[in-house]
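Trainee: I have a new structure to read. Where do I begin?
Mentor: Let us open it and go feature by feature.

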Amino acid sequence: MVIFRQAFLREWRLLARQKADWLNPMMFFILVLTLFPLGVGAKPNLLVEIAPGIIWIAALLSVLLATERLFKDDYRQGTLEQLVAAQQPLLPYVLAKMLSSWCSTALPLLLMSPLIALLLGLSMPSWQAVVLTLLLGTPLLNMLAVLGAALTLSADKGGILLALLILPLYIPLLIFASAAVENASMGLSYSAQLAVLAAMLCLALALVPLAVLKALKINVG
Amino acid sequence: MLRCALFFSESAGIVFSATQLTCVRQDRILFEALDLRLAAGELLQIGGKNGAGKTSLLRILAGLTAPDEGELLWQGQPLHDSDFSRQLCYIGHLSGVQPQLTALENLAFWRAAFALKTADDFQLLALLGLAGLEDIPCQMLSAGQQRRVSLARLWLTSATLWILDEPFTALDQSAIAVLQQQFGQHLAKGGSIILTTHQPLSQHFPQARLLELVYRW
Amino acid sequence: MFKWLDPYAKPQTLYRLCGLWYPWLMAAAVLVLLLSTLWGLAFTPADYQQGDSYRIIHIHVPAAIWSMGAYSSMAIAALIALVWQVKAAQWAVGAIAPIGAVFTLIALFTGMAWGKPMWGTWWVWDARLTSELILLFLYLGVMALAGAFADRQTGAKVSAVLALVGVVNLPIIHFSVEWWNTLHQGATITKFAKPSIDASMLWPLLLGIVGFGLLLAALTCLRLRTAILENEQHRPWVRQLCQQLTAPQVRASRESADA
């Protein structure tokens with residue numbers, strides 16, 4: 001617990017000192033959102049139809065971009081190999097990294113959701129659904145991105161490879177999250193989709209940290 | 001094949017042993033069938049030319065990499081079954097210092113992560129010649145100063161086995177003297193050290209053993 | 001529990017065993033596949049609904065089944081590699097991946113070939129086809145990851161972790177795509193789903209499934225042998241083998257050059 005707190009504090013300090021790490025993905029998200037109306041046309045009914053998909057694709061891309069650097073600094077400086085050699089601190093460290101990266105990527109998205117609702121012309125129920133799916137879905141998205149970052153840690157060509165690996169795994173989340181928002185915009189209940197998202201999140205919470213630990217040990221060793 | 005120059009000192013009980021270690025990196029055999037024994041209170045130096053496999057051997061001994069063949073025992077137990085990782089302080093070639101954080105913040109993180117002793121950090125950093133530099137980001141320190149911050153762990157750890165990869169890199173004479181003194185205290189308390197270095201050790205540590213790795217094509 | 005398998009995991013033994021099995025597996029695969037393909041394509045009656053175009057199922061269905069079977073085999077190899085630290089298993093992951101990817105491609109292309117007469121277009125976002133496409137991406141991901149590292153062994157181990165992550169995701173992806181498809185496409189009647197199939201058409205299909213399975217096994221043996229040689233090239237037995245296989249004149253000239 002102490003290790004988790006100190007590791008989280010460390011991440012928080014680093015985020016405060018390197019604001020680009022979380023500001024840039026936020027701007028990237030808004031820019032991608034803006035590209036879609038520019039590309040497909042800004043008709044309001046068209047936008048309402050594709051809004052759920054756009055939001056979740058933009059969220060995916062910005063989280064992937066942001067998480068790529070997650071372990072790289074510690075790997076290059078040697079912190080990671082010291083932690084792997086000591087073994088005990090590794091799991092709290094990984095959990096602290098996951099929480100801090102969620103805070104730095106997903107919290108801004110949540111806070112920006114009114115802006116998103118404005119840009120895409122979402123109704124109130126749709127916006128509520130967006131917030132709920134972001135709450136449930138971004139932890140899962142973040143965990144997948146952390147897994148990708150851990151897998152590609154010592155790879156020669158990191159960036160695009162991380163996206164290639166994580167995108168297929170992200171598809172169920174995309175399907176259910178955008179379906180939930182779509183249902184909300186039509187006035188239908190979407191609690192089933194939320195339940196599935198919650199189930200996927202629970203599964204990920206149980207399995208992903210273990211996979212991340214293994215991937216880190218392989219990359220450092 | 002491997003050539004070992006062993007100067008046998010009196011062993012006060014073997015705490016760490018490695019048998020038949022083989023390491024293959026990128027289809028090249030660095031060393032094979034290597035045997036190693038370390039007793040409490042002993043200093044073992046791994047020597048050899050660049051590229052001979054010293055760092056790879058240290059990483060295998062620290063449990064970071066699995067050897068392609070061979071076995072490692074800590075106090076008679078396989079590494080993973082014992083409390084080896086708690087008794088180990090490993091400082092590799094890279095310093096482990098996060099440049100955006102200050103020396104104090106780095107120490108605070110290491111204290112939690114590696115269960116280090118609480119101590120007066122200011123006093124410790126002053127001992128290491130970093131008085132007045134405690135609360136500036138480490139990226140503003142020189143390489144030698146950053147190395148001193150990373151070595152501060154050695155004063156705070158209760159680990160019995162130290163595995164250090166080129167600890168004297170970038171250090172000036174005064175820092176080297178302080179470090180050698182700390183090594184001496186650790187050995188006197190029954191701890192053991194395995195290290196690689198290009199510094200001559202025989203003057204300060206006449207009882208040190210040397211394991212020489214030969215470069216293999 | 002599996003201690004008796006340990007000697008078989010030694011690369012040299014495995015190399016020899018795969019070399020023994022390969023000719024038989026390959027011969028059997030070719031035979032069975034020829035039989036099932038010819039039988040299915042030429043000698044079964046035409047379907048009353050679809051005419052002759054349904055015949056592609058004799059290639060499509062076995063390829064699709066074994067594309068998923070290959071992924072499961074890859075995942076089992078990955079599990080063995082990570083849990084029991086068996087080197088040969090992590091090389092097996094890299095051996096199976098391209099074979100599975102090609103099976104997936106065959107399933108996709110034959111699916112498209114079936115779809116053209118059925119729906120009038122080459123590609124439709126049908127649940128099955130979309131799942132196969134995602135499976136292809138998973139295979140490509142494993143292959144790309146393995147090749148992205150300077151140290152081949154690290155790449156093999158990391159791609160093993162990815163293969164395991166993928167196998168857990170596979171059912172989730174499959175069912176969510178199916179759910180998505182029924183949602184967006186309504187009631188699309190696909191004869192892919194559960195063909196109530198006549199016995200005369202069933203036998204060549206079953207033979208095709210067996211044939212593709214044999215082909216997977218044969219090709220895996222071949223690729224695993226190559227992987228073993230590649231990864232063990234520093235060992236004396238590999239050097240001896242290479243020496244034996246070198247043409248005598250080349251060997252003689254090398255020896256005289258060394259001398």
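Predicted model: local features only at pLDDT ≥ 70, side-chain atom pairs only at ≥ 80, totals over all residues.

Trainee: How many helices and strands does chain C have?

Mentor: Start with the element count. Chain C has nine helices and zero strands. Read from the N terminus, its order is α-α-α-α-α-α-α-α-α.

Trainee: What does the C-alpha trace of chain C span along its principal axes?

Mentor: About 75 × 40 × 40 Å. Now look at cover. Of the 259 residues in chain C, 46% are buried. The accessible surface is about 13,300 Å², and carbon and sulfur atoms hold 69% of that area.

Trainee: What share of the contacts in chain C joins residues 24 or more positions apart?

Mentor: Take the contacts with a separation of 6 or more. In chain C, 77% of these involve residues 24 or more positions apart. One pair shows distance in sequence against distance in space. C:W24 and C:A218 are 194 residues apart in sequence, yet their C-alpha atoms are 8.2 Å apart.

Trainee: Where is C:W24 found, and is C:W24 buried or exposed?

Mentor: C:W24 is in helix α2 of chain C, residues 11–43. The cut-off for exposed is over 50% relative accessible area. C:W24 has 68%, so it is exposed.

Trainee: And which helix holds C:C242?

Mentor: Helix α8 of chain C, residues 236–245. C:C242 has a relative accessible area of 45%, so it is partly exposed. C:C242 and C:L229 are 13 residues apart along the chain, with 9.6 Å between their C-alpha atoms.

Trainee: Now chain B. How many residues does helix α7 of chain B have?

Mentor: Count residues, then check the span. Helix α7(B), residues 173–188, has 16 residues. From first C-alpha to last it reaches 23 Å, close to the 22 Å expected at 1.5 Å a residue.

Trainee: Which residues of α7(B) are buried?

Mentor: They are B:A175, B:I176, B:L179, B:Q180, B:Q182, B:F183, B:H186 and B:L187. These residues cover an arc of only 160° around the axis, so they sit on the same side of α7(B). On the other side, B:Q173, B:Q181 and B:A188 are exposed.

Trainee: What do the buried residues of α7(B) pack against?

Mentor: Their partners in chain B are β3 (43–48), α5 (143–151), α6 (153–156), β7 (161–165) and β8 (192–196).

Trainee: What is phi of B:E166 near?

Mentor: Near 50°, again a positive value in a residue other than glycine. B:E166 is in the loop between β7 and α7 of chain B. The cut-off for buried is under 20%. B:E166 has 16% relative accessibility, so it counts as buried.

Terms used
Residues numbered from 1 in each chain as written. Chains lettered and ligands numbered in written order. Heavy atoms only, no water. Helix = DSSP H or I, 4+ residues; strand = E, 2+ residues; numbered from the N terminus. Buried < 20%, exposed > 50% of the residue type's maximum accessible area, 1.4 Å probe, protein only. Contact = heavy atoms within 4.5 Å. Areas by Shrake-Rupley, 256 points an atom, 1.4 Å probe, with all protein chains shown as cover. Expected span 1.5 Å × (residues − 1). Arc of directions from axis to C-beta.
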